[in-house]
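Okay, thanks for making time, everyone. Let me put the structure up and then talk you through it.

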Amino acid sequence: MVLKEICEIKVEGRNQQREGVPIKTEPLELVDLPVPKPGPKDIVIKISVCGVCRTELDQIEGRILPPRLPIILGHQPVGIVANLGTKVTRFKIGDKVGATWIYSSCGQCRFCQKQEENLCEQFQGTGCHANGGYAEYMVISEDYAHRIPDILTDFNYVAPLMCSGVIGYRSLKLTGLEDGKTLGLYGFGSANQLVIQMANFMFPNSKKFVISRNPAERQLAKNLGAEWVGDIDEKTPEKLDCAIDTTPAWKPTIFALENLEKGGRLVINLIRKEETDKEFLLKLDYPKHLWLEKEVKTVANVTRRDAEEFLTLAAQLQIRPQIQVFELEESNQALIELKGSKSPGSKILKI
Ligand SMILES: [Zn+2]
Ligand SMILES: [Zn+2]
């Protein structure tokens, strides 16, 4: 499935046409392409499943401008190694493999040398700078591909982990949470659904508070062990030592800062916030929201180490995200449903 032009996805009752941005129902087009050939250090993945992510909406609607068009979107492919370059040493044909948002980095700069390749100036995103996983095959350097642990046998449940799991793991690490301290989760989409399961395992004595405008997500949060659930503007029963905000709006960020404990940290796990309620930021009140050493930090991309650590954790935890399955040909429908937030759970494309 190929994206050929930037457009805005039409969702019943939600879109108003903005000047110059055509509203489309079906932004992605099915095309026939040759199977890609590997360079010396590349592997070719025969993709079985690819997860669908909100970042694809950002790309389609132009909040993240794809450096080139047309492009095959998708950064959560999982499958089998189908072909190898001549210098590949880490993989053999038939290995179980997946890729994440990081497609490549320079390997030389000071960030790359400290294993912070997520901050590399030449960071390339899978399905953004290079063709990604909404396809039967994709090519990637063996250095940026990840072996899927044998115990994770069902790819349907692995694909959604490759973005929201890995970046959720990174966001949880960046909160600096310690066992026994409180954690607030704003928004309960695929990332935070996984974060709460990781946090239950890594920080069993920490209370987890889940804040979502969606009653179905609040119910799911309770089932997954949340101490308390509430709506966006509600006061949490205890102050939050740290919080993760995955919502596309600004209002939850302000309320999260209000609920934050002195010296607490809010981690925003999102590539772009939408513009629709930006005026809410005018309610930002220095004494109430920032004073007393409250911190705001964002999560940018992922590192290979995050992916490796997370996959090891996932193998121990046997996390089973809630999934909703679509065929590759139904990519547009999956994206429309994601945009409309109609149902909880991670959307995946079976290829
Ligand atoms: Zn993603
Ligand atoms: Zn670099």
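So, contacts: I call two residues in contact if their C-beta atoms, placed from the backbone, lie within 7 Å. On that basis, among contacts in the protein chain with a separation of 6 or more, 73% come from residues 24 or more positions apart.

Housekeeping: this is a predicted model, where local features need pLDDT of at least 70 and side-chain atom pairs count only at pLDDT 80 or more, while totals for chains, interfaces and linings use all residues. Residues are numbered from 1 along each chain as its sequence is written, with chains lettered from A and ligands numbered from 1 in the order written.

The domain assignment, which is automatic or from a database, gives domain 1 (2–162 + 321–350) and domain 2 (165–298). Their centres, over C-alpha atoms, sit 26 Å apart. Domain 1 puts 13 residues into the contact and domain 2 puts in eleven.

Now burial: buried means 20 or more other C-beta atoms within 10 Å of a residue's own, exposed means 12 or fewer, and partly exposed is in between. By that count, 46% of the 351 residues are buried.

Which of its residues are buried? Ser-331, Ala-334, Leu-335 and Leu-338.

Key:
Helices (H or I, at least four residues) and strands (E, at least two) are DSSP runs, numbered from the N terminus.
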